[in-house]
Amino acid sequence: MPEIFDVLIIGAGPSGMLAATAAGERGLKTVILEKKSRPAIKLSITGKGRCNLTNSANVNEFVSCFRNGKFLYGSFNSFSNNDLISFFENLGVPCKLERGGRYFPVSDEAQEIVDALVKQVKKISKIITSVSVKSVLKRKDGFFDVNTNAGVFVSKNVIVACGGLSYPSTGSTGDGYKIAESFGHKIKELSAALVPLVLECPYLKELNGLKLKNVEVSVLNTQKVLAKEFGEAEFTIFGADGPTVLTLSSLVGEEIKKTDLFLSVNFKPALTAEQLDSRLLRELDKYGQLSIKDMLKEMLPVQAIKPFIDYCGFNITKKCSQISRAEREKIISSLFDFRFKIKGVRDIKEAIVTRGGISVDEIEQKTMQSKLVKGLYFCGEIIDVDAPTGGFNLQAAFSTGYLAGNSVKKSED
């Protein structure tokens, strides 16, 4: 006879681990089945290894950041950002607040978050790694048979927490969608959210690796600016990355099917055109007989100077004293609008988050239980909600996982 569990969780990511914690603390016999050889691999690499685990925003601000955000009220009220910070601090992982309301562990080590979670879960639940789920079937007696490469597991409740399609090397390969569909759930179209952009640009090789701070990045069509973000950006060999670009990428993924799009970098968002013109006049006068290349060291990162001069169409050896009024205006407009055509977004495998997933209309907001199948729950990235960077998506994973684990019932209930 196979061992019978109150709760079986598929996936040991942030949502699955919080679900196991919430269920285990209530005395439910709980097990997590994880496909990879160790838990929470994706969590260990988030935030470039630092783990931006949540944000200081209030509940209404959180909700407003998400597509289908109203669905998450129950989850955020059940387990808030403050609850999450207290949770980790009680596990011996203090957190710190940084720019943009972002919270990180004080150590700047995502692995510390993972280790604390694993240690906590193992106290009250069981984690079994290297187990691939082949199918989930509901029996006539109400229990679920979970068929795996390690045999059949039986449970009163099943929580599907196995992520989306982003970073498949960490275990997120879309298995949960197949399980949901097998029970009649609708899957909203899947695409990349928070993903780098591919640009059409002759200077990418020279710009590759350039990191920018305090810039304004915009997405435009041929008529108007569609959206803009202030903060950090980075050029890559294929295009652009960084927090501002990632936030804008979901819009790009949708709009580029309809029209041509452009990415614009404003190097001097804090200045007006008049202020920038005055500064430029001072610098041109100061550098006089030196080249424009020398003068631009006062205005731009060194790595950006040659591409910028090429973009403006100037000779790199041109002297500052030779710059005409029209050329000065070209420099100003280019500092405000260093523009590239967007070719598209990178593959969903490189996305931080999957856009789309199980329709929120088919999940109970207050419990995370399927409206179609009693005892079947969903949490984390598999649900059709997503938000910009800043810790919002991880908080949603933790919150929906906690709510699911806190909502399941014991076998005898």
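**The cavity and a helix pair**

In the largest cavity, the element that gives the most to the lining is β13, with 3 residues. Keep in mind that this is a predicted model.

Let me stay with the cavity. Searching the whole structure turns up 1 cavity of 30 Å³ or more. The space in the largest cavity comes to about 40 Å³. Which residues line the largest cavity? They are Leu212, Ala233, Glu234, Phe235, Ala240, Asp241, Val245, Leu263 and Val265. Sorted by class, the lining has 7 nonpolar residues, 2 charged residues and no polar ones.

Now the helices. Two packed helices are described by the distance between their axes and the angle between those axes. Here the pair is α1, residues 14-25, and α14, residues 392-407. Their axes come within 7 Å and cross at roughly 30°. What is the hand of the crossing where α1 passes α14? The crossing is right-handed.

As for who touches whom, α1 brings Pro14, Ser15, Leu18, Ala19, Ala22 and Ala23 to the contact. On the α14 side, the residues are Leu394, Ala397, Phe398, Gly401, Tyr402, Gly405 and Asn406. By class, this contact between α1 and α14 has 9 nonpolar and 4 polar residues, with no charged ones.

To set the two side by side: the cavity lining includes 2 charged residues, while the α1 and α14 contact has no charged residues. That is what I have for today.

How values were computed
Residues numbered from 1 in each chain as written. Predicted model: local features only at pLDDT ≥ 70, side-chain atom pairs only at ≥ 80, totals over all residues. Heavy atoms only, no water. Axes fitted to C-alpha atoms, helices over the stretch in contact; angles between N-to-C directions. Helix = DSSP H or I, 4+ residues; strand = E, 2+ residues; numbered from the N terminus. Left-handed = near helix turned anticlockwise from the far one by under 90°. Contact = heavy atoms within 4.5 Å. Nonpolar A, V, L, I, M, F, W, Y, C, P; charged D, E, K, R; others polar. 1 Å grid on protein atoms, 1.4 Å probe; cavity = no way out; pocket = protein on both sides within 12 Å on 5 of 7 lines; lining within 4 Å. Points joined across faces, edges and corners; volume = space filled by probe spheres on them.
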